[in-house]
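Please consult the sequence and the structure while reading.

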Amino acid sequence: MQVRKLKADKIFDGYNLLMGKVLLVNANGSIENIVDEKEAGEGIEQFEGILTPGFINCHCHLELSHLKGLIPEKTGLVDFVYKVVNERYFPENEILSAIESAENEMIENGIVAVGDICNNTLTLQQKKKEQLHYYNFIEASGWLPSIAPSRLDRAKQIFESYSNQTPQTKKGFQSIVPHAPYSVSINLWQNIQPFFDNKVVTIHNQETVFEDLLFKEGKGDFERMYELMKIDNAHFIPTGKSSIASYFQHLIKASNILLVHNTFTTQTDIDFIKEKQSRNNQTYFCLCINANKYIEDALPPIELFRMNQLQMVLGTDSLASNWSLNILDEIKAVRNFFPGISLEEMLQWATINGAKALEMDDLLGSFEKGKMPGVILLNEKSLSVQRLV
């Protein structure tokens, strides 16, 4: 089998930055080895920049791509959610065209796998083209206890559509997941919880300060949201605890837990997670910093997460809440607000951590023999990319 020999200023193998090395890649895109330059022989292709595995976008709403630029920035989560719920309905051909363009944007920017939120089957047509790896998170929501059975049935139907039609050759995984603590009744939790076993389960977590206030005191801006949506909130009894302390026990049978946003997560919450987490799974904290700025104009406590040595990954959220689906734009934002974090560490979040979170690390996330993670040439200064493999 013909082998390409690729050398750049540095190679990021998924874990560390290496110098003076050559990456050997088979004709089918699988990694053969990383060797010293003196051992590589002739025919080495030379590049300026960093060779890195393809990036993993752990949180995306591809189905909302048609809403780019249509929802105002910095309105707060309640008004954002209300607008998405009421303004997401467009002609199907426009939605499908936006989905195709958004996927192409991710491919051009070096993304090879996506954890994608699905409330319908509109992205299925694009995913059947097998251009990216997807973990499809079939989202269930419903705050009224009475609608829990119908919402479960709907999620199961969507799940079956993806299970039956997504090509398994591209790791088309799927699971039924809760949308957010403020949109899943205890009845719906009970209905969907059996479907978490041995699956990756994701949830929007502590995206606004009002989420904890709802669960602790039954107060805050979510009361206004329920009124706007004409949802009877009389059934809800505050737990007196933070949001995550009120629901985390439902997730412990998942193979991996992916908490998204975490903008208002505290040290007390982190201590609670560490205490309650099962030995059989891992919890990953997904940063979507540009969406946090877009919606709440807030930043997640990244230094707190680093101090606690949490496993972090990156996501873009949707084009309804972000101006791009580019993981490098997320890295640029982290670098802007947290300049002390090294590029090497952030690349770990974007590659091997993301692959592990989505259970795709047998194929993606690092330059290890037999894997097919893609090879991206990264300009270290501009953080722009070129796909080589």
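Q: How do the residues that line the second largest pocket divide into nonpolar, polar and charged?
A: This is a predicted model, and the pocket in question is lined by 17 residues. Sorted by class, this lining comprises ten nonpolar, seven polar and no charged residues.

Q: Which residues lie nearest the centre of the second largest pocket?
A: This pocket holds about 260 Å³ of space. Of its 17 lining residues, those nearest the centre are Val184, Ser185, Ile186, Phe215 and Phe236.

Q: What is the volume of the largest pocket, and which residues are the closest to its centre?
A: The volume of the largest pocket is about 970 Å³. Its lining consists of 40 residues, and the closest to the centre are Val85, Arg88, Asn119, Glu139 and Ser141.

Q: Which element gives the most to the lining of the largest pocket?
A: Two or more lining residues come from each of α2 (77–87), β10 (133–140), α5 (148–165) and α8 (221–228). The element that gives the most, with five residues, is α2.

Q: How many charged residues are in the lining of the largest pocket?
A: The lining of the largest pocket has 21 nonpolar and twelve polar residues. Asp, Glu, Lys and Arg count as charged. In this lining, the number of charged residues is seven.

Note on methods:
Residues are numbered from 1 along each chain as its sequence is written. This is a predicted model: local features need pLDDT of at least 70, side-chain atom pairs count only at pLDDT 80 or more; totals for chains, interfaces and linings use all residues. Side-chain values use heavy atoms; hydrogens and water are left out. On a 1 Å grid over the protein atoms alone, a cavity is a set of points where a 1.4 Å probe fits but cannot get out, and a pocket is an open set with protein on both sides within 12 Å along at least five of seven lines; lining residues have an atom within 4 Å of a point. Grid points are joined across faces, edges and corners, and a volume is the space filled by probe spheres set on the points. Helices (H or I, at least four residues) and strands (E, at least two) are DSSP runs, numbered from the N terminus.
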